[in-house]
Amino acid sequence: MSRELVLATMVVVLCGAGAWLASWVPAASELGDRRERSGRQLEARSWRRIWWTLLPAGIALATMFGWALQEPSVTDELLLPTAALVVVPIGLLWLRCAVRACVALRRPREMPPLATVGLLRPRVVVAEELCGALDPAALAAALAHERVHVRHRDPLRIWLAQIATDLQWPSPWARRRFEHWLGALELARDEEARLDGAAGEDLAAAVVAVARLASRAPGAAIAGLTGAETSLASRVHRLLEPVPPHRGRRSSLLVVAVLAVLVASVVIGAAYGDDVLRAMPFIGA
């Protein structure tokens, strides 16, 4: 049987199942500590939590890659018809994810009054009605917030995080991690805008004004001033307080550890990939 066919089947089964099962790990609520933590710290932590649940899928992919490196083009492992019982549901889940990813790229019919759009070349879009609703200082603060979104390419990050979340549908915990991150993202960008010179009270006035005008289409890959699933009262309260200190931590060691795990998985796949495949109930020899 073709090595590529077996590889593709095992990638769908192991990666899809690994990501889906890991998604059911409960998502800890951070609503209680948002006042105590830096928004930038919350955003980084919430971002990592989204992607940690895809690590089992990455390990499975690396293992199968290692197997494919040493396997001849015609493998002696055979796919049994029962493989379709697993491949079809996961394939439909991935198809749903792809459709939603494409829909998120479409420009919504009704844009928010102020938003950052564009995956590769993000730009700020401002509605004329907002210019009349804000005084110059509040408008400048709002634009400073959006420029931070541009600097971090947040529409692209939102799109990727949505894809990761949709790969784990219908897990409520995956959705909750995504929503936690969206809320923390706005807190982080508020802090960075204030560090760039925007006044907290001006930004708070802009947030309230935009919230009154906003009608955001769900699922769009855009970064708006009001974000999503964020408590407006809590956010305004934070904006009127001093910017909390940010205790950033170096992630280089974490990256090295993840890369080491993936490399080890490739080695294990090359050495024991045949045993892994033959342990599957839908693989025959």
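Me: What does contact mean here?

Reply: Contact means heavy atoms within 4.5 Å. Take Trp 181, leaving out residues up to four places away in sequence. Trp 181 touches Glu 43, Ser 46, Trp 47, Ile 50, Arg 157, Ile 158 and Ala 161. This is a predicted model: local features need pLDDT of at least 70, side-chain atom pairs count only at pLDDT 80 or more, and totals for chains, interfaces and linings use all residues. Residues are numbered from 1 along each chain as its sequence is written, and side-chain values use heavy atoms, without hydrogens and water.

Me: What is a nonpolar core?

Reply: In soluble globular proteins, nonpolar side chains tend to be buried together. A nonpolar core is a set of buried Ala, Val, Leu, Ile, Met, Phe, Trp, Tyr and Cys residues joined through side-chain atoms within 4.5 Å. Buried means under 20% relative accessible area, exposed over 50%, partly exposed in between (1.4 Å probe, protein chains only). The largest core here has 27 residues. Trp 181 is among the members that touch the most others, as are Met 10 and Phe 178.

Me: Which residues does a second, separate core include?

Reply: That core has 20 residues, including Ala 141, Val 207, Leu 225 and Leu 239.

Me: Is Thr 53 buried or exposed?

Reply: Thr 53 counts as buried, because its relative accessibility is 8%. Besides neighbours within four places in sequence, its contacts include Gly 18, Ala 22 and Arg 177.

Me: Which side chain makes a polar contact with Thr 53?

Reply: A polar contact is a pair of N or O atoms within 3.5 Å; within protein, one must be able to donate a hydrogen and the other to accept it, and residues adjacent in sequence count only if both atoms are side-chain atoms. The side chain of Gln 168 joins that of Thr 53 at 2.8 Å.
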